[in-house]
Amino acid sequence: MTNPRPALTKNAYVYEELRRRILAGELIPGQSISQEQLAAELGVSTTPLREALRRLDAEGLVTIDAHRDARVSRLNAEEARSLFEVRERLDPLATKLAATRRTDADIAAIEAALKELEPLSTSTGFESLLVHRAFHRSIYTASHNPLLMTLLEGLWDKADRYRMIGLRSKPDSPQDQERVRREHIEIAEAVIAGDARTAERTMKKHVLGSLGRRAIAALEA
């Protein structure tokens, strides 16, 4: 039996664990969530579980019907396209702002996150996606626009599930992996150098070749 981590309240623990399982694909799209079984597995009552499900429902990661039965939200090409269209605009904006507002602390965070990046493959686990997310978060943070950062964080929560579909549908070739590696370096270098135009342009190119865009084609097939 899994016990709650001491640093978290039961409500926070259950929410974080359910969210992790959904984003990691351990709970698959469309899967029914047995509340009693899951509560027993997590070592909690159904009260914090229901609260977690309500939060995840508000975030679009689960759906709760009129009978209070919960399922993992299904994935579809329409949502994948909507996520891509918004990211195509907001990621370059955040990167442009980061190039004009980054601090020494931001630069150090960007450089540290860049060093942790490794190529993604079909065997990539959720933890590897978190490392890529940390790099992008370091760019978003450097924009010093709290509203923009919040919007982009919310998009990543939804988009991670689509990234896994994109990665599984068409594994990156060595050439793709090298392209992505170079784009990350170029984004970091442009932001650190304060070159807003190059930073914005490079991030837009990066999003255009992203796993999220690949997922659209996979779901439409």
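## Terms and basis of the model

A residue is called buried when its relative accessible area is under 20%, exposed when that area is over 50%, and partly exposed in between, using a 1.4 Å probe and protein chains only. By this scale D160 is buried, with a relative accessible area of 0%.

The structure is a predicted model, in which local features need pLDDT of at least 70 and side-chain atom pairs count only at pLDDT 80 or more, while totals for chains, interfaces and linings use all residues. Residues are numbered from 1 along each chain as its sequence is written, and side-chain values use heavy atoms, with hydrogens and water left out.

## Confidence

The predictor's confidence in each residue is expressed as pLDDT, on a scale from 0 to 100. The protein chain has an average pLDDT of 90, and 95% of the residues reach at least 70. Over residues 1-6, pLDDT stays under 50. For residues 1-6 the model has 14 contacts beyond four places in sequence, a contact being heavy atoms within 4.5 Å.

## Overall architecture

The protein chain contains 10 helices and three strands. These elements are DSSP runs numbered from the N terminus: helices are H or I with at least four residues, and strands are E with at least two. In sequence order the pattern is α-β-α-α-β-β-α-α-α-α-α-α-α. The protein chain has a radius of gyration of 19 Å, close to the 17 Å given by the globule rule for 221 residues, so it is as compact as a globular protein of that length. The radius is taken over C-alpha atoms, and the rule is 2.2 Å times the number of residues to the power 0.38.

Along its principal axes, the C-alpha trace spans about 55 × 40 × 30 Å. Of the 221 residues, 43% count as buried. Among contacts with a separation of 6 or more, 76% are between residues 24 or more positions apart.

## Surface and charge

The accessible surface of the protein chain is about 11500 Å², and carbon and sulfur atoms hold 52% of it. Such areas come from the Shrake-Rupley method with a 1.4 Å probe; for residues, only the protein chains shown count as cover.

The chain carries 34 positive and 33 negative charges, whose mean positions are 2 Å apart. Lys and Arg count as positive and Asp and Glu as negative, whereas His and the chain ends are not counted. Each charge is placed at NZ of Lys, CZ of Arg, CG of Asp or CD of Glu.

## The loop between helix 6 and helix 7

S143 lies in the loop that joins helix 6 (126-142) to helix 7 (146-169). With 0% relative accessibility, S143 counts as buried. Beyond its neighbours within four places in sequence, S143 is in contact with A94, L97, A98, R101, L148 and M149.

H144 lies in the loop between helix 6 and helix 7, and is partly exposed at a relative accessible area of 41%. Its phi is positive, at about 55 degrees, although H144 is not a glycine. Most residues other than glycine have a negative phi.

## Residues within helices

D160 lies in helix 7. Leaving out residues up to four places away in sequence, D160 touches L23, F126, L129 and R133.

R54 belongs to helix 3 (residues 46-58) and is partly exposed, with a relative accessible area of 49%. R54 and A70 are 16 residues apart in sequence and 9.4 Å apart in space, C-alpha to C-alpha. R181 is found in helix 8 (residues 174-193) and counts as partly exposed at 41% relative accessibility.
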